[in-house]
Amino acid sequence: MELKNNIDQLNLSWMKPKWNLNGICSAGDQSTEQRPLPAWRWLRTAAAARDHSRFGSTSPAVMEKISTDAFPLTMHSSEKQETVCIFGTGDFGRSLGLKMLQCGYSVVFGSRTPQRSSLLPNGAEVMSYSDAAQKSDIIIIAIHREHYDFLTELTDVLNGKILVDVSNNLKINQYPESNAEYLAQLVPGTHVVKAFNTVSAWALQSGALDASRQVFICGNDSKAKQRVMDVVRSLGLTPLDKGSLVAANEIENYPLQLFPMWKFPFYLSAVLCVFFFLYCVIREVIYPYVYEKRDRTFRLPISIPNRVFPIAALTLLALVYLPGVIAAILQLYRGTKYRRFPDWLDHWMLCRKQLGLIALGFAFLHVLYTLVIPIRYYVRWTWNNRTATQAITKKENPFSTTTSWLSDSYIALGMLGFFLFVLLGITSLPSVSNMVNWREFRFVQSKLGYLTLILCTAHTLVYGGKKFLNPSNLVWYLPSAYVIALIIPCTVLVIKFILILPCIDKTLMRIRQGWERNPKYSESALNGKTDI
């Protein structure tokens, strides 16, 4: 009886819109036809049955009951379908209307020319704006701001209704106020809510399986926002309350931003690549041509990029952990954690994920370029020529155990470093990071991150060996590019080693737990100084 009551409760808890395998919501479907369970529900049902069988026997009848009735795919309800009105019959309006029809809503379109409207989803009505507005309390304004003026003629009909503004602009901060605030001023008797502007028509058509599910929502009326959030959830999307209508300007600018957190990493990566490319060209192409009249331009497509990519990857990886080291030094110097970091450091710390992912991309390129080395003409010619020379002169190079150790160690360190590099990139993905707790995430990104930096730095050091300090490797007094690439990683590792010394780490941990060296300073800062 207890098991049956639990199953009945589960049945009641699932009387909400359901999704089938095609991503189509089945809410409002009055059919009693049983449909196949989606894979994730089948696994959850099987896991529930397995867990129950661990603590007591389960009969086949009960198992069948669990698999067929515990998680119904259709909603059996006698409640009347809620009607939603959509002003506008464009691509977004039609996609949103189709999605709502699939999720059990009754949809009414408002159009200035209802008799000409076509391509509307089956089951939807279309009528004039005035008639459509009388059918629902929720009206979605899926038209551009330039055409809002006609709404003033519908002030009496729209009074007290919820207007959902889904519009976007062509430029950031195109108007003095946001479109939602302008709409609220235009029709003052309504409750304006900003929503759906961050979701595309394509995302709605594809079931939001391959796009972001988040829908930013803001509005001044809490009840109106709650109703809109309920609609968002029923569509299988995730509402995110951003507060009052003042936040509408930020929400409208969001879709217009082109990789806002990627600009600095991209620019920095481009500068590093250009600098090291030109540096290598001077050493390996221009210098041989000037002094030896040898054409080394064939090194431009493969050899030089294969030097630039690992250098950029190692430098960017070090730059991921450098701001954390700088922040620790600032906290030790100030003796408190209650003072803001400089703006440049704040922005740098926010871009660490992007820097790491770009570094991972360069590491992948380094691996690919290294794999093609044996099939290059220059390499094959060198090997064949060396082999022929040894055969003619009947001489061979003696085997060097030291060189073998260095070569194998260099390759092993590179493979281990690249493996951990990939692991860091995987755990930074939202789908993965959401499955681990903060301690696990911090362990991977911090502890394993520094281990990755150590392995990659050691990989570079072993590759250079004694050549780094050999004066014969200087070209126009310029050292090898790998020597320059080791400056930042080695600096980060040395400072980090100093910071983890017990005498320093203990003080730093106390500061991060709230201890202050000079509490009076913080009290004065709280009374109005700008450092807090």
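User: At roughly what angle do the axes of α12 and helix α20 cross?
Analyst: Keep in mind that this is a predicted model. Helix α20 covers residues 487–499, and its axis comes within 9 Å of that of α12. The crossing is left-handed. The angle between the two axes is roughly 35°.

User: Which residues of α20 make the contact with α12?
Analyst: On the α12 side, the contact includes Leu314, Ala318, Leu322, Val325 and Ile329. By class, the contact has 14 nonpolar residues, one polar residue and no charged ones. The partners from α20 are Ile488, Pro489, Val492, Ile495 and Leu499.

User: How far apart are the end C-alpha atoms of helix α14, and what span should its residues give?
Analyst: Helix α14 runs over residues 352–371, which makes 20 residues. At 1.5 Å a residue, these should span 28 Å. That agrees with the model, where the end C-alpha atoms are 29 Å apart.

User: Which helices do the buried residues of α14 pack against?
Analyst: Start with who is buried: in α14 the list includes Leu355, Ile358, Ala359, Phe362 and His366. An α-helix has 3.6 residues a turn, so residues three or four places apart point the same way. The buried residues of α14 pack against α11 (263–292), α12 (305–334), α13 (343–350), α16 (401–427) and α18 (438–464).

User: How much of the protein chain counts as buried?
Analyst: For the overall picture, the protein chain has 22 helices and eight strands. Among contacts between residues at least 6 apart in sequence, 71% join residues at least 24 apart. Of the 532 residues in the chain, the share that counts as buried is 39%.

User: How many disulfides does the count come to?
Analyst: A disulfide is a covalent bond between the sulfur atoms of two cysteines. Cys490, at 27%, is partly exposed. As for disulfides, the count comes to zero.

User: Is Tyr477 buried or exposed?
Analyst: Tyr477 sits in the loop between α18 and α19 (481–485). Though not a glycine, Tyr477 has a positive phi of about 65°. Its relative accessible area is 78%, and the cut-off is over 50%, so Tyr477 is exposed.

User: What about Asn173: what is its phi, and where is it?
Analyst: Asn173 is not a glycine, yet its phi is positive, at about 55°. With 48% relative accessibility, Asn173 counts as partly exposed. Its place is the loop between β5 (162–165) and α7 (179–186).

User: Which residues is Asn168 in contact with, leaving aside neighbours within four places in sequence?
Analyst: Asn168 is in the loop between β5 and α7, and its relative accessible area of 28% makes it partly exposed. Asn168 and Tyr254 are 86 residues apart along the chain, but their C-alpha atoms are separated by 9.4 Å. Leaving those neighbours aside, the contacts of Asn168 are Asn179, Asn197, Glu252 and Pro255.

User: Last one: how far apart in space are Thr83 and Leu101, C-alpha to C-alpha?
Analyst: Thr83 belongs to strand β1, which covers residues 83–87. At 22% relative accessibility, Thr83 counts as partly exposed. Not counting residues up to four places away in sequence, Thr83 touches Ser106, Val108, Lys135 and Ser136. Thr83 and Leu101 are 18 residues apart in sequence, and from C-alpha to C-alpha the distance is 9.8 Å.

Technical notes. Residues numbered from 1 in each chain as written. Predicted model: local features only at pLDDT ≥ 70, side-chain atom pairs only at ≥ 80, totals over all residues. Heavy atoms only, no water. Disulfide = S-S within 2.5 Å. Buried < 20%, exposed > 50% of the residue type's maximum accessible area, 1.4 Å probe, protein only. Helix = DSSP H or I, 4+ residues; strand = E, 2+ residues; numbered from the N terminus. Expected span 1.5 Å × (residues − 1). Contact = heavy atoms within 4.5 Å. Axes fitted to C-alpha atoms, helices over the stretch in contact; angles between N-to-C directions. Left-handed = near helix turned anticlockwise from the far one by under 90°. Nonpolar A, V, L, I, M, F, W, Y, C, P; charged D, E, K, R; others polar.
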